[in-house]
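Please read these notes with the structure open beside you. They take the contacts of one chain in turn.

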Amino acid sequence: MTLAALLYWTDLLAVAVFAISGALAAAEQKLDVLAFILFGTITGVGGGTLRDLLLQAGPVFWIADTHYLWVCIGVSLGTWYLAPPLRARVRILVWADAAGLALFSVLGTAKALGAEAPMVVAVVMGVMSASFGSLIRDTLLNRSPVLLEPEIYVTAALLGAVSYALLADVPGLDDGVVLLVAMVSAFALRAAAILFDLRLPNYRR
Amino acid sequence: MTLAALLYWTDLLAVAVFAISGALAAAEQKLDVLAFILFGTITGVGGGTLRDLLLQAGPVFWIADTHYLWVCIGVSLGTWYLAPPLRARVRILVWADAAGLALFSVLGTAKALGAEAPMVVAVVMGVMSASFGSLIRDTLLNRSPVLLEPEIYVTAALLGAVSYALLADVPGLDDGVVLLVAMVSAFALRAAAILFDLRLPNYRR
Amino acid sequence: MTLAALLYWTDLLAVAVFAISGALAAAEQKLDVLAFILFGTITGVGGGTLRDLLLQAGPVFWIADTHYLWVCIGVSLGTWYLAPPLRARVRILVWADAAGLALFSVLGTAKALGAEAPMVVAVVMGVMSASFGSLIRDTLLNRSPVLLEPEIYVTAALLGAVSYALLADVPGLDDGVVLLVAMVSAFALRAAAILFDLRLPNYRR
């Protein structure tokens with residue numbers, strides 16, 4: 001399997017993971033099946049949609065390639081039938097979400113750099129790809145945004161985005177290696193945050 | 001009157017109906033006249049704006065044709081003076097809203113197909129055109145979204161969008177007939193939901 | 001200093017002022033330093049971002065010129081360290097915010113007219129530039145939007161936008177003078193509202 005194909009499949013997987021978390025939010029609020037699909041889709045593609053609109057470098061990804069939409073619809077329907085066992089395995093989801101975070105933050109940064117965005121813009125795009133889906137989901141559901149919880153989440157996305165943006169410029173480094181290193185860094189930081197309950201200090205004054 | 005002219009006037013009418021519902025939301029919260037215009041306009045053009053931004057197939061409709069803005073401003077001001085009698089006739093509004101829903105879902109789908117969007121994308125655009133204005137309105141006002149109430153609403157928009165997308169491909173069918181059939185289907189389902197209090201089952205596990 | 005340079009610096013200053021208000025909202029909610037940057041940036045560039053997306057007349061301003069992002073990041077970090085003295089001087093901030101409002105409403109209108117937008121659209125863009133940053137901030141934080149408070153705020157932005165749009169068409173008037181007059185009008189109305197607690201009548205029926 002080529003690097004491009006591998007990235008495509010991991011991207012679809014990350015969308016699926018985020019879509020499940022959106023559909024589970026609909027389950028928590030006892031909504032109907034269309035709301036499962038609505039929130040699954042918004043959470044799955046929301047961050048990347050905002051990134052593509054802001055970059056103005058071609059069509060929005062799920063309009064150009066409808067597989068993303070079908071994945072969101074499919075896993076949202078699946079969640080409708082399977083939510084109780086999924087929630088019983090919520091730890092699996094937390095880890096899948098950590099993988100999605102790592103993938104999206106790095107892929108979002110790479111897409112922005114590919115569209116000639118300056119480095120700081122590319123980092124913003126990476127963090128946004130990884131985090132705005134859940135932000136929109138929580139805002140629409142009138143929940144306190146998960147993003148604002150003190151656990152390290154945005155920080156891990158930031159690490160993935162920054163390390164990719166810095167390493168992508170180094171001559172002689174293979175792009176596949178750089179992608180992998182950045183994704184592993186983000187995932188490792190998020191994993192450490194989950195395991196050891198790491199958090200940034202909150203404002204206390 | 002040609003089909004195009006008829007569609008244009010029904011489109012303006014649908015925007016007006018949604019704008020009234022936005023201004024009435026401002027009335028409920030005892031806001032000032034500018035907030036009436038703000039929420040009337042957001043609710044009237046919000047769904048179509050998101051559709052046009054995502055499709056990237058030309059300017060946003062209310063920037064290309066300012067009649068839409070004037071309609072929103074006009075009916076919002078009208079609602080400021082007329083809200084009490086309007087609310088007394090809230091059943092009229094529910095029916096007008098059902099008409100707006102039917103029109104927007106089908107017209108949004110048609111616009112997306114006209115911009116060469118794949119069928120599933122066009123259906124998403126139709127549902128979005130019909131529903132995101134009220135979703136944004138409720139989110140900004142910190143209300144629980146009307147969309148999430150169990151009454152059949154999104155389902156009717158989905159029926160209008162899907163039936164148009166399927167029938168538009170059938171060779172030999174007149175486009176005007178297809179538009180009419182799809183709009184009537186959406187309206188009929190929403191009407192049945194209003195009259196008989198139909199709803200999708202909520203998630204209960 | 002040329003007019004263009006003066007406008008650029010005042011624009012950066014207005015972004016900084018709005019970013020501080022966003023970071024202070026994060027301080028109120030005792031969030032972490034990344035949330036300070038997140039809300040500072042969203043509030044600082046949110047209104048102009050929506051304006052640029054809707055106008056479709058070139059790249060989003062902070063993607064084309066990264067100084068805006070750095071300003072948001074810098075003042076958000078500064079607020080992390082300096083929030084208590086800043087809040088003690090909250091009256092200074094109210095006045096700085098009034099200046100930001102005046103600048104953004106007029107500059108947003110000017111940018112839209114420069115992109116050939118019709119006058120009513122340009123006025124909407126000006127009001128949006130000045131007000132949507134704080135609207136998004138409050139929505140994400142689940143706060144009641146400051147915009148909806150009865151104090152005259154949107155009205156002042158509207159005055160700046162309308163007076164610029166009307167005067168910009170008058171032949172023989174120097175553009176610098178028109179900009180200044182419109183900004184001073186908006187600032188003066190907002191200042192009067194602050195000093196004398198002016199408000200539009202709320203809906204009471």
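How many salt bridges are there between chain B and chain C? The count is zero. A salt bridge here is a side-chain nitrogen of Lys or Arg within 4 Å of a carboxyl oxygen of Asp or Glu.

1. Ground rules. This is a predicted model, in which local features need pLDDT of at least 70 and side-chain atom pairs count only at pLDDT 80 or more, while totals for chains, interfaces and linings use all residues. Residues are numbered from 1 along each chain as its sequence is written, chains are lettered from A and ligands numbered from 1 in the order in which they are written, and side-chain values use heavy atoms, with hydrogens and water left out.

2. Chain B against chain C. The contact (heavy atoms within 4.5 Å) takes 32 residues from chain B and 28 residues from chain C. The two chains bury about 2,400 Å² between them, with 70% of it on carbon and sulfur atoms. Buried area is the accessible area (1.4 Å probe) that two parts lose on being put together, summed over both.

3. Who faces chain C. On chain B, H2, helix H3 (61-64), helix H4 (67-88) and H6 each supply at least two residues of the side that touches chain C. H2(B) gives the largest share, ten residues. Helices are DSSP runs (H or I, at least four residues), numbered from the N terminus. By class, this side of chain B has 23 nonpolar, five polar and four charged residues. Nonpolar means Ala, Val, Leu, Ile, Met, Phe, Trp, Tyr, Cys and Pro; charged means Asp, Glu, Lys and Arg; the others, Gly among them, are polar.

4. B:Ile73 sits in helix H4 of chain B. Leaving aside neighbours within four places in sequence, B:Ile73 is in contact with B:Ile37 and C:Val120.

5. Chain B against chain A. Here 28 residues come from chain B and 32 residues from chain A. Salt bridges between chain B and chain A number zero. Helix H2 (33-55), helix H6 (119-140) and helix H7 (154-167) of chain B each supply at least two residues of the side that touches chain A. H6(B) gives the largest share, seven residues.
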